Amino acid sequence: MMTRWLFSAPLLLLAGCSGGSDDTDNKAPTAEERAADTPAGPSQSAPAQPAPAPGGASDADLTYVADPSVAPPKAPEAGVGIGGQAIPVAIRGRWALKAEDCGARPGTDLTALVIDAKTLRFFESAGDLARVRDRDANRIVADYKFSGEGQQWDRLMLLGLADGGKTLVRRDYGDGAAPDAMRYTRCA
């Protein structure tokens, strides 16, 4: 099945098609988006890029036991991509498997992953948030509806911050999932 290999780094490095993203992918989160990830309390001015919890998560926090009896949703659930049903603000931004790809021009950054409130954008595919299974300010486990290269597929995925927010750990679950976690570097 072709989807099994879509996420493998070697294939991404050899891919020849041009992808890209528009300039809105790297915009700073709005005050409303930051507020959704901030506990209620005294009013404070939030930074444009919120700081993750000190030290980030340990690898033990970056695992999930998927329940094979839970099928992917047929369509995105109501409210996904908004507030507590969105990808956490601390995870959003531009990431790359290889740090040198951070400097590449959009469309040539073969290992880049751009994340906004509800979409994961890879070089030749994109995944839209369909259901949030577990979430906190530095971690999300969710189902995504992917499309790319003329294919469509579902993927359960964990995204979590490590190394004080400098590293994004990605674990895929289900048929065709990569067996090991992938570690991305945050691009400035």
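Colleague: What makes β5 and strand β6 (residues 151-162) a pair?

Modeller: Two strands count as paired if DSSP finds at least two bridges between them. β5 and β6 have 10 bridges, in the antiparallel sense, so the pair meets that definition. Lys-145 stands opposite Asp-154 in β6. This is a predicted model, in which local features need pLDDT of at least 70 and side-chain atom pairs count only at pLDDT 80 or more, while totals for chains, interfaces and linings use all residues. Residues are numbered from 1 along each chain as its sequence is written, and side-chain values use heavy atoms, with hydrogens and water left out.

Colleague: Why is β5 described as largely enclosed by the rest of the structure?

Modeller: Buried means under 20% relative accessible area, exposed means over 50%, and partly exposed lies in between (1.4 Å probe, protein chains only). Eight of the 10 residues of β5 are buried, so the description applies to this strand. β7 is likewise largely enclosed, because six of its seven residues are buried.

Colleague: Where does Asp-163 lie, and why does Asp-163 count as partly exposed?

Modeller: Asp-163 is in the loop between β6 and β7 (167-173). That hairpin has four residues between the strands, and phi of Asp-163 is near 55°, again a positive value in a residue other than glycine. Asp-163 has 48% relative accessibility, so the residue counts as partly exposed.

Colleague: Why is Trp-153 called buried?

Modeller: Its relative accessible area is 8%, so Trp-153 is buried. Trp-153 lies in strand β6. The C-alpha atoms of Trp-153 and Pro-72 are separated by 9.9 Å, although the two residues are 81 apart along the chain.

Colleague: How do you know which other strands pair?

Modeller: Bridges between strand β3 (residues 119-121) and strand β4 (residues 126-136) number three, and these strands run antiparallel. Arg-121 has Ala-126 in β4 as its bridge partner. β4 and β5 are antiparallel over nine bridges and form a hairpin with two residues between them; Val-132 stands opposite Ala-142 in β5. β6 and β7 run antiparallel and are joined by seven bridges, with Gly-160 partnered by Val-169 in β7. β7 and strand β8 (residues 182-186) are antiparallel over four bridges, and Thr-167 has Thr-185 in β8 as its partner.

Colleague: What do the eight strands form?

Modeller: They form a closed barrel that runs β1-β2-β3-β4-β5-β6-β7-β8, with antiparallel pairing. The twist averages 35° from one strand to the next (axes are lines fitted to C-alpha atoms, for helices over the stretch in contact, and angles run from 0 to 180 degrees between N-to-C directions).

Colleague: What makes a set of residues a nonpolar core?

Modeller: The residues must be buried Ala, Val, Leu, Ile, Met, Phe, Trp, Tyr or Cys, joined through side-chain atoms within 4.5 Å. The largest such core has 22 residues, and those with the most contacts inside it are Ile-115, Leu-120, Ile-140, Tyr-144, Leu-159 and Leu-168. β2, β4, β5, β6 and β8 each supply at least two residues of this core. Another core, of seven residues, lies apart from it and includes Leu-62, Leu-156, Leu-158 and Val-169.

Colleague: Which residues are in contact with Asp-101?

Modeller: Contact means heavy atoms within 4.5 Å. Leaving aside its neighbours within four places in sequence, Asp-101 is in contact with Arg-94, Ala-96, Asp-109, Leu-110 and Thr-111.
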